[in-house]
Structure formats: structure tokens, C-alpha cells
Amino acid sequence: MATSCGCCERWSIYRRTIRRDLRLVRIVAGLEKGIKRAIRRNHITSDIFDATALKHPNKIAVCSSDDLVQYTFTELKNLINQIANIFYDLGYRKNDVVILFMENRPEYVAFWLGLSKLGVVTSLVNYNLRRESLEHCIKVAGAKGIIFSAETEGALRDIQSELRGYEFYCYGSANRIKEATDLPELIESTSTSNPPRPDNLTFYDKLIYMYTSGTTGLPKPAVIRHTRFFFMVNGMASAFKVTEDDINYVALPLYHSNGGVGGIGMMIYKGSTVIVAKKFSASKFFQDCAYHGATMFNYIGETCRYLLAQPPSRFDRAHRLRLAIGNGLRPQIWAEFKDRFSIDLIGECYASTEGNANMINIDNRIGAVGFNSVIAPGFYPIRLIRVDRSNGEIERDENGMAIACEPGEAGELVGRVRNDPVHQFDGYVDKEATDKKIVHDIFVKGDSAFRSGDILLQDKEGYFYFQDRGGDTFRWKGENVGTAEVEGVITRILRMTDVVVYGVEIPGIEGRAGMACIADPDYIVDLVYLRNELLNKVPNYARPQFIRLSNGDAIEQTSTFKYKKVKLREEGFNPLKVVDDRLYFNNQRTGRYEVLDILAHQRIIDHHIRF
């Protein structure tokens with residue numbers, strides 16, 4: 001009887017999911033066909049943009065949200081060619097690397113598309129970075145030159161003495177670094193014709209680097225090839241029927257895959273118009289969308305929460321928006337967000353910058369980041385496996401194979417690595433870092449798979465739901481924070497060895513706020529000095545919002561000398577759980593770390609104190 005009931009349940013699931021699965025098959029088949037066509041024609045991303053520009057020569061390709069700067073497809077194509085010719089004349093050739101350290105602006109895409117015509121790789125650096133983090137990201141990319149703007153020049157000046165040997169190129173700054181070449185001046189006198197094309201350009205070449213914190217350490221440049229860019233953009237475009245008639249409002253950073261690939265890519269491949277906002281503004285967001293006639297936008301979960309927190313406005317529904325694409329929209333606010341702002345389709349995705357285990361929620365399933373077929377799971381080889389959350393080790397059976405999770409059981413997402421554009425793992429610039437993300441004996445004996453470091457849950461129908469970040473990483477303000485990097489900065493500031501950084505949950509708030517536990521038995525740490533130093537050395541999203549001064553000489557470790565972060569995370573910033581140590585919170589209004597007592601804790605829980 002039980003067997004019969006089980007068969008009936010499986011048959012019922014198959015009937016409910018077969019149409020969804022067939023749609024996935026069509027999407028993936030279309031992507032594979034498109035990639036093969038581009039490879040056969042030896043087209044790269046800039047070739048595809050050129051073809052799009054020929055179809056829509058006088059249409060607006062990209063425009064600033066304030067309407068001060070805009071380019072038609074023809075004008076943008078000309079600028080792209082001018083940039084390519086400038087850097088060709090300067091001696092840049094295939095596989096050279098250039099840093100792009102610039103705020104959101106319409107010209108942003110022109111720089112990396114122009115350089116790609118030469119086979120030059122552009123490394124997209126977070127414009128919020130300062131000092132050690134910025135220096136690291138520049139040097140680890142193996143770059144030859146740095147392109148910057150007026151807004152980012154000051155950060156470069158702070159570390160200029162550490163950047164000897166780099167060539168500097170300035171766009172839009174009157175008081176530029178002395179050695180910098182003035183790009184606008186060169187652009188005015190440079191040809192708009194196509195640059196000389198290297199003979200060995202292919203669709204498999206590296207296109208850009210995007211940084212990820214991964215699961216440990218400092219940010220690492222992840223490799224995005226033309227093939228992967230194609231797959232990421234067209235996967236979303238196919239799933240959500242993006243066309244040339246769409247107008248995409250992008251207020252997310254263009255150095256991130258969400259805005260820089262998912263947002264800009266629709267213009268390159270589909271001929272959509274892109275509206276680029278310099279920064280995200282919750283108060284102006286829907287007003288801007290209405291003014292520009294936007295039909296879609298890119299989001300992260302944090303921006304959705306900010307938008308919902310705004311008072312009701314006549315612009316909440318007075319717009320043409322039909323689609324929102326992004327990641328991190330909390331299930332608790334999904335329906336409210338969709339209904340209040342009258343958005344037909346939420347295109348929630350799961351995609352790590354460097355990974356191959358990407359997926360899309362194509363049918364508006366509330367809370368799901370995507371799915372995999374339960375009828376034919378091998379068609380798209382991703383799965384959840386059991387891991388020991390205390391040390392991150394993969395749990396294996398008596399044959400050494402990874403143990404797959406059951407429906408409803410949380411586990412780490414992995415993607416099988418295959419030698420094809422859809423399932424390959426390009427990894428990072430650093431080979432050692434790439435190798436650390438590859439594990440074996442996951443699906444079948446002797447195979448290779450990519451470890452995402454993310455904990456998800458899969459239900460009986462195959463839908464995946466994001467649960468948490470694994471490893472020594474947490475997410476805050478839409479950014480991944482590598483704890484080892486912040487620990488290293490604090491250790492150098494305080495000249496102390498025992499510093500542990502981890503993320504803690506604030507109920508009702510997206511992500512985890514940073515918290516630092518510092519061994520300080522004599523309570524001699526100067527928190528004013530620490531906070532001031534962190535302002536200069538760590539980006540805003542990575543700064544600890546909570547400090548715990550431990551009265552012990554050392555912070556408790558495992559037998560393998562790893563800090564016991566699980567217990568620290570569980571105790572969080574709750575004064576009732578942290579009895580013997582002193583707690584402090586980052587008071588944004590006073591600009592100080594202040595004592596965190598029971599009253600302050602409750603005000604944080606009630607969102608009267610915000611971060």
C-alpha cells in the first residue's frame with residue numbers, strides 16, 4: 001500500500017512539473033545552439049553588439065538616469081571602436097589586463113567592450129574599495145593599466161606609492177593623477193573605424209574578470225569568458241522573453257554580474273535600452289522607472305526591502321514595469337513586493353559569479369531561486385550534498401561517494417564539471433584558488449564538481465530555496481564579505497592574533513551583519529581608534545556592525561586550530577547569551593561603537609536602530 005502511495009505521489013509530481021521541465025529543455029537547447037553558432041562563426045561579444053547596432057542604429061542604447069548622457073547604438077559603437085583604437089596604438093594586445101575602476105556611468109560598458117576587440121581582458125574593480133583591499137584587487141589581476149574617473153581618483157591617490165609600474169588612464173577628471181593619460185582628449189582625435197583584429201580571437205577567450213570573495217580570504221578575480229557571458233545573459237533573456245522593446249533600469253553596480261552582465265547584456269544581445277543610475281535610490285526608484293518608461297529592472301534582496309520600506313507613492317504602480325530580475329528576494333516579502341508595485345514577473349535567479357551551478361525560477365514560484373527536474377535530474381547536473389557545518393567537510397558513504405540530500409534536507413549546492421560551455425568551470429585567475437573549488441566523487445566515481453559554498457534546500461518538486469552562505473563568508477548590503485580579509489585588517493590594526501569575524505542575523509533584515517570577536521582580557525582595545533581605522537581600510541559593507549570583546553586570552557578553537565564560529569554565530573549579539581564578554585554596536589548616528597545592552601538589543605530587533 002505504501003509503495004502504491006509512493007508511486008502515486010511521484011506520478012502526481014511528474015504531471016505537475018513536466019511542462020516546466022520541457023521549458024527548461026528548450027531554453028538550454030537554445031543556449032547550446034546559440035553558443036555553437038557563435039563558435040562556428042568565430043564571433044565574440046563585441047561582434048554580437050556590432051550586429052545589434054546595425055539593426056538599431058538610431059535607437060538609444062544606454063542613457064544615464066538623469067538624462068545628461070546618452071548614446072545611440074551607433075554612437076556607442078563608435079566610442080567602443082575609439083577606445084579599442086586608442087589602446088591598440090598604446091601597445092595593448094591579446095591577454096593583457098586592464099583595471100576598470102569607475103562608478104556607474106553609460107560609458108562603462110564601452111571600455112570593456114572596446115578592450116575586448118583587442119582580446120584585452122578588463123578587470124572590473126569595486127569602486128567602494130579602499131587601501132589594502134583596493135591594492136590587492138589591482139595587483140592580483142596581473143594588470144598592465146588602470147582606467148579611472150574623477151570619483152575614484154582619490155582612492156588611487158591613497159595607494160599610488162604602491163602602484164609603481166602601472167599605466168594610468170583618466171576619464172573625466174580635471175585634477176587627474178600626474179602620470180595619467182587624458183582619455184577624452186584622445187577619444188576626440190581617434191578613428192571610429194574597427195581596430196585591427198587579432199587573428200586568434202575566439203568565443204572561448206576571457207572577456208572580463210569579476211571579483212568574488214569565494215568562501216575565504218581576499219577577493220579573487222573570477223574568469224568570465226565570452227561563452228559564459230552568452231549563457232548568463234541569454235539564459236535570463238530566454239526565460240523571461242526579453243526583447244528589443246524592453247527598457248532596463250539598472251541601479252546596481254556594473255562591476256557585479258547582476259547589473260554588469262544581467263543588466264548590460266540585454267542591450268548587447270537583445271537590443272534593449274539600458275538606463276544606468278549612478279547609485280540606487282529607494283526614494284526615486286519608481287519615479288525614475290516611470291519617467292524612462294522602464295519595463296524591467298535588476299534587483300538584489302536588500303534593494304527590495306528598501307523599496308518596501310518607502311512610504312506609499314503615486315509612482316508605486318504608475319509605471320510600465322513587467323519584470324524584475326535578480327536574486328535574494330526574501331519569501332516573506334515576495335508577494336507583498338509583487339502586489340504593491342504591480343510587477344507581473346519576479347525573475348529570481350541563483351548564480352555565483354564563477355560557478356557552473358546556475359538556475360532560474362521561470363514560473364514565479366514564491367521563494368524559489370530555481371529548480372531542477374525530478375524526472376531527469378541528470379539533464380542539468382546539479383545537486384545538494386551533505387556537509388558537516390562545523391568544518392565544511394563533505395560527508396561520504398562507505399565507497400567514498402558524496403551523500404546526496406533528501407528532499408527537504410539542507411545541503412551544499414554542487415555542479416558537475418563537464419568540458420562544454422554550459423557546464424565548464426572557468427574558476428579564478430589564480431589556479432590554486434580554482435583547484436580548491438573542485439571536488440571529486442560527487443555524482444559518479446572519478447568525476448569533478450564545483451563547490452558553491454552555498455547551503456540550499458530542495459523540495460519534492462525540485463525547487464531550490466536559498467538558506468545560507470557556507471564557509472567563512474557572509475552576505476551584507478548585497479555584497480559577499482570574506483571574513484579572513486576583515487580578520488587580517490583588524491589584526492594588523494590592533495596587533496592582536498586572536499580576532500574572529502563572522503556574520504550574524506538580524507531578524508527581518510536581508511543577509512548577515514558583520515561581527516568581530518576580539519580576545520581582550522584586559523579590555524584595552526580602543527574602539528574609537530579601531531572604528532576610524534576601519535573607515536579607511538575596509539569597505540562600508542564589510543565593516544563589523546558588532547564588536548565582542550572576549551575576556552579570555554584566546555578564542556576557543558577546534559582540535560585542528562579553527563575558530564568555533566558556529567557557537568559565536570548562535571550567540572550573536574544577544575546580551576542574554578553573551579554573559580561574560582562585552583558587546584558593542586556601531587551607532588551610525590554618533591559614529592561610535594557603543595555598549596550593546598538589553599535595551600539596545602531590543603531596539604535593534606525592532607528596527608529602531610538601523611545599519
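**Close-up views of a predicted model**

Figure 1. Glu412 is found in strand β18, which spans residues 411–416. The structure shown here and in the following views is a predicted model. Glu412 has a relative accessible area of 4% and is therefore buried. Its side chain forms a polar contact of 2.5 Å with the side chain of Arg451. When neighbours within four places in sequence are left aside, the residues in contact with Glu412 are Arg383, Leu384, Ile385, Val387, Arg451, Ser452, Gly453, Asp454 and Ile455.

**Figure 2. Asp21 in helix α1.** Helix α1 comprises residues 2–41 and includes Asp21. Asp21 counts as buried because its relative accessibility is 6%. A polar contact of 3.0 Å links the side chain of Asp21 to that of Arg20. Beyond residues up to four places away in sequence, Asp21 touches Phe371, Ser373, Val374 and Ile375. Asp21 and Pro377 are 356 residues apart along the chain, and their C-alpha atoms are separated by 9.9 Å.

**Figure 3. Val500 in strand β24.** Strand β24, formed by residues 499–504, contains Val500. With a relative accessibility of 0%, Val500 counts as buried. Between Val500 and Leu568 the C-alpha to C-alpha distance is 9.2 Å, while the two are 68 residues apart in sequence.

**Figure 4. The contact between helices α8 and α9.** Two packed helices are described by the angle between their axes and the distance between the axes. The axes of α8 (residues 226–239) and α9 (residues 257–270) come within 9 Å and cross at roughly 80 degrees. This angle makes α8 roughly perpendicular to α9. On the side of α8, the contact is made by Phe229, Phe230, Met232, Val233, Asn234, Met236 and Ala237. On the side of α9, the contributing residues are Ser257, Gly260, Val261, Gly262, Gly265, Met266, Ile268, Tyr269 and Lys270. The residues of this contact divide into ten nonpolar, five polar and one charged.

**Figure 5. The contact between helices α2 and α9.** Helix α2 (residues 45–55) packs with α9 at an angle of about 60 degrees, and the two axes are 7 Å apart. This angle makes α2 oblique to α9. Thr45, Ile48, Phe49 and Thr52 in α2 meet Met267, Ile268 and Tyr269 in α9. The contact of α2 with α9 consists of five nonpolar residues, two polar residues and no charged ones. Ile268 and Tyr269 of α9 take part in this contact and also in the contact with α8.

**Figure 6. The buried side of helix α15.** In α15 (residues 527–537), the buried residues are Leu527, Leu530, Arg531, Glu533, Leu534 and Lys537. These residues lie on the same side of α15, because they cover an arc of only 165 degrees around the axis. The elements that cover the buried residues of α15 include the helices α5 (131–140) and α14 (483–494). Also among them are the strands β25 (513–519), β26 (546–550), β27 (582–587) and β28 (592–595). At the start of α15, a side-chain oxygen of Asp526 comes to within 3.1 Å of the backbone nitrogen of Val528.

**Figure 7. The buried residues of helix α6.** Helix α6 is formed by residues 150–158, and its buried residues are Thr152, Glu153, Ala155 and Leu156. These residues pack against β3 (97–101), α5 and β5 (145–149). Helix α5 is also one of the elements covering the buried residues of α15.

Figure 8. Most residues other than glycine have a negative phi. Asp67, in contrast, has a positive phi, near 70 degrees. Asp67 is placed in the loop between β1 (60–64) and β2 (70–72). Its relative accessibility is 32%, so Asp67 counts as partly exposed. Ser342 likewise has a positive phi, near 50 degrees. The loop that holds Ser342 runs between α12 (331–340) and β14 (345–350). Ser342 counts as partly exposed, because its relative accessibility is 29%.

Notes
Residues numbered from 1 in each chain as written. Heavy atoms only, no water. Axes fitted to C-alpha atoms, helices over the stretch in contact; angles between N-to-C directions. Helix = DSSP H or I, 4+ residues; strand = E, 2+ residues; numbered from the N terminus. Parallel < 35°, antiparallel > 145°, perpendicular 65-115°, else oblique. Contact = heavy atoms within 4.5 Å. Nonpolar A, V, L, I, M, F, W, Y, C, P; charged D, E, K, R; others polar. Buried < 20%, exposed > 50% of the residue type's maximum accessible area, 1.4 Å probe, protein only. Arc of directions from axis to C-beta. Polar contact = N/O pair within 3.5 Å; in protein donor to acceptor, adjacent residues only side chain to side chain.
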